[in-house]
Amino acid sequence: MPTKAYCRSFQAVFNVGSRLMKWPRPEVVSGPGSIAKIPELLRKENVRNVMVVTGPSIGKKLAPKILSSLDESGIRYVLFSEVESNPTVNVVNRIQKLYLEHGCDGFIALGGGSPMDAAKGAAARVVRPRAQVGQLAGLLKVMKKLPPFIAVPTTAGTGSETTIAAVITDSDTHHKYAIMDLNLIPRYAVLDPELTRELPPKVTATTGMDALTHAVEAYTNVNYNTDETIRAAEEAVVGVFRYLERAYLDGNDMEARTQMLTASFKAGFAFTHACVGNVHAIAHTLGGLYNTPHGLANAVILPIVMEDYGEVVYEKLAHLAEITGVKNSGSTEEKARAFISEIRAMNRRMEIPTGFDFIQEKDIPQMIFWALSESNPFYPVPVIYDRERCEKVIRRIISEANPVG
Ligand SMILES: [Fe+2]
């Protein structure tokens, strides 16, 4: 396990490097009905046979509209609609195989994080056919331009439509890891709030809390941030606080749906530069081991980790408390604590649990190892966890499932 000094030195070097890198940005097409512009985007990129990647229920409900617009435009497609949550290496390989068999020349990823991540993984394998998915895990291993890639989120949370990351689970070991490369940033992000209209409240809640976690983790990280990522994270936090519960209570509230897509995109922009942190690192272990939905895991773990960080994050959380209107008076500590309490209150109002009692004792050492391997040395987290501290947090996630008193 790397030492704390090594982690901070690594981050200092990467910080300099990241400022020299050319970060592509997706071209954003947004607004109700914006999916109608997809054929035009494909024509612009000379795509004639597109691979459409999605999940089973979206494949039935939302894909047909896009597919019929492709038919009308004379663009051929191959549909893969079997991406389940926490996509596996096997799924990525199947998509890559189909893509090559049918001679496709571009991707549309339609869905939440899972179809987007699976499509990104497959696109990476298309340009790096000799590398297995596991060999592309980590930072800057793809290093080759992907085919034209259009990301169409159907949830407001993952931010995958703007990020460098694809999170994949090893089918055999259940290890969940990320491929991170600038080439994984999609060429286009189509933000159509109509696609999120029928999301069940529970999914709206947990995916929205994922967006909040992206913003808060990026914001509290101690390196890699720029003025622009700080502003994006702040705006994302304000957006989630203002609109998530509106979208949760009334899925047809198109203003709330639109604002949540924007907040999610901004949070994605912030964390793709400034990274996530220990919340995500632990949440990923739950996704891999127990298939816990990603947003749900983050929603539960976020307040616990922020509380555990303590005073090192008070100043930043206090500022978030002010700009969200949670608390404008009192000490820095009081404001920071009020902000964390408000996250817990949002969870409660949206019926998100306070902890998880399904975590098994035998899995804890593995969780600690995976979480620390993900965070360190790369994530510039405010507190670098060692085994003991990570275990303490995991045990709190268990004990808070049934809080005493
Ligand atoms: Fe996330």
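In this predicted model, helix H13 (residues 314–323) and helix H14 (residues 332–349) meet through a defined set of residues. From H13 come Tyr314, Glu315, Leu317, Ala318, Leu320, Ala321 and Glu322. H14 supplies Thr332, Glu333, Lys335, Ala336, Ala338, Phe339 and Ile340. By class, this contact of H13 with H14 has nine nonpolar, one polar and four charged residues. The two axes lie 7 Å apart, at an angle of about 65°. H13 is therefore roughly perpendicular to H14, since angles of 65 to 115 degrees count that way. The crossing of H13 and H14 is left-handed.

## Helix pairs

Two packed helices are described by the angle between their axes and the distance between the axes.

| Pair | Angle | Axis distance | Handedness |
|---|---|---|---|
| H13 and H14 | about 65° | 7 Å | left-handed |
| H11 and H15 | about 140° | 8 Å | right-handed |
| H8 and H9 | roughly 160° | within 9 Å | left-handed |

## H8 and H9

Helix H9 spans residues 227–249. Its axis and that of H8 come within 9 Å and cross at roughly 160°. H8 and H9 are therefore roughly antiparallel to each other. Their crossing is left-handed. On the H8 side, the contact uses Pro201, Thr204, Ala205, Gly208, Ala211, Leu212, Ala215, Val216, Ala218 and Tyr219. On the H9 side it uses Thr229, Ile230, Ala233, Glu234, Ala236, Val237, Val240, Leu244, Ala247 and Tyr248. Sorted by class, the residues of this H8 and H9 contact are 16 nonpolar, three polar and one charged.

Alanine 215 belongs to helix H8. Is alanine 215 buried or exposed? Alanine 215 counts as buried, because 32 C-beta neighbours lie inside 10 Å and the cut-off is 20 or more. Leaving out residues up to four places away in sequence, alanine 215 touches Ala233, Ala236, Val237, Ala267 and Ala270. Of these, Ala233, Ala236 and Val237 are also listed on the H9 side of the helix contact. Alanine 215 and glycine 288 are separated by 73 residues in sequence. In space, their C-alpha atoms are 23 Å apart.

## H11 and its surroundings

Helix H11 covers residues 278–290, which is 13 residues. From first C-alpha to last it reaches 18 Å, close to the 18 Å expected at 1.5 Å a residue. H11 is mostly covered, with 11 of its 13 residues buried. The buried ones are Asn278, Val279, His280, Ala281, Ile282, Ala283, His284, Thr285, Leu286, Gly287 and Gly288.

What do the buried residues of H11 pack against? They pack against two strands, E7 (165–169) and E8 (176–180). They also pack against the helices H8 (201–220), H12 (294–309), H15 (364–375) and H16 (387–399).

The H15 partner can be described in detail. The axes of H11 and H15 are 8 Å apart and the packing angle is about 140°. That angle makes H11 oblique to H15. The H11 and H15 crossing is right-handed. Asn278, Ala281, Ile282, His284 and Thr285 of H11 make the contact with Met367, Trp370, Ala371, Glu374 and Ser375 of H15. In this contact of H11 with H15, five residues are nonpolar, four polar and one charged. An α-helix has 3.6 residues a turn, so residues three or four places apart point the same way.

Asparagine 291 follows H11, and its phi is positive, near 60°.

## Backbone points in the loops

Proline 377 is in the loop between H15 and H16. A cis peptide bond joins it to asparagine 376, with omega about 10°.

Leucine 140 has a positive phi, near 55°, in a residue other than glycine. It sits in the loop between strand E5 (138–139) and strand E6 (149–153). Leucine 140 counts as partly exposed because it has 13 C-beta neighbours inside 10 Å.

Histidine 174 is not a glycine, yet its phi is positive, about 70°. The loop between E7 and E8 holds this residue. With 18 C-beta neighbours inside 10 Å, histidine 174 counts as partly exposed.

How values were computed. Residues are numbered from 1 along each chain as its sequence is written. This is a predicted model: local features need pLDDT of at least 70, side-chain atom pairs count only at pLDDT 80 or more; totals for chains, interfaces and linings use all residues. Helices (H or I, at least four residues) and strands (E, at least two) are DSSP runs, numbered from the N terminus. The expected span of a helix is 1.5 Å times one less than its number of residues. A residue is buried if 20 or more other C-beta atoms lie within 10 Å of its own, exposed if 12 or fewer, and partly exposed in between; C-beta atoms are placed from the backbone. Two residues are in contact if their C-beta atoms, placed from the backbone, lie within 7 Å. Axes are lines fitted to C-alpha atoms, for helices over the stretch in contact, and angles run from 0 to 180 degrees between N-to-C directions. Angles under 35 degrees count as roughly parallel, over 145 as roughly antiparallel, 65 to 115 as roughly perpendicular and the rest as oblique. A crossing is left-handed if the near helix is turned anticlockwise from the far one by less than a right angle, and right-handed if clockwise. Ala, Val, Leu, Ile, Met, Phe, Trp, Tyr, Cys and Pro count as nonpolar, Asp, Glu, Lys and Arg as charged, and the others, Gly among them, as polar.
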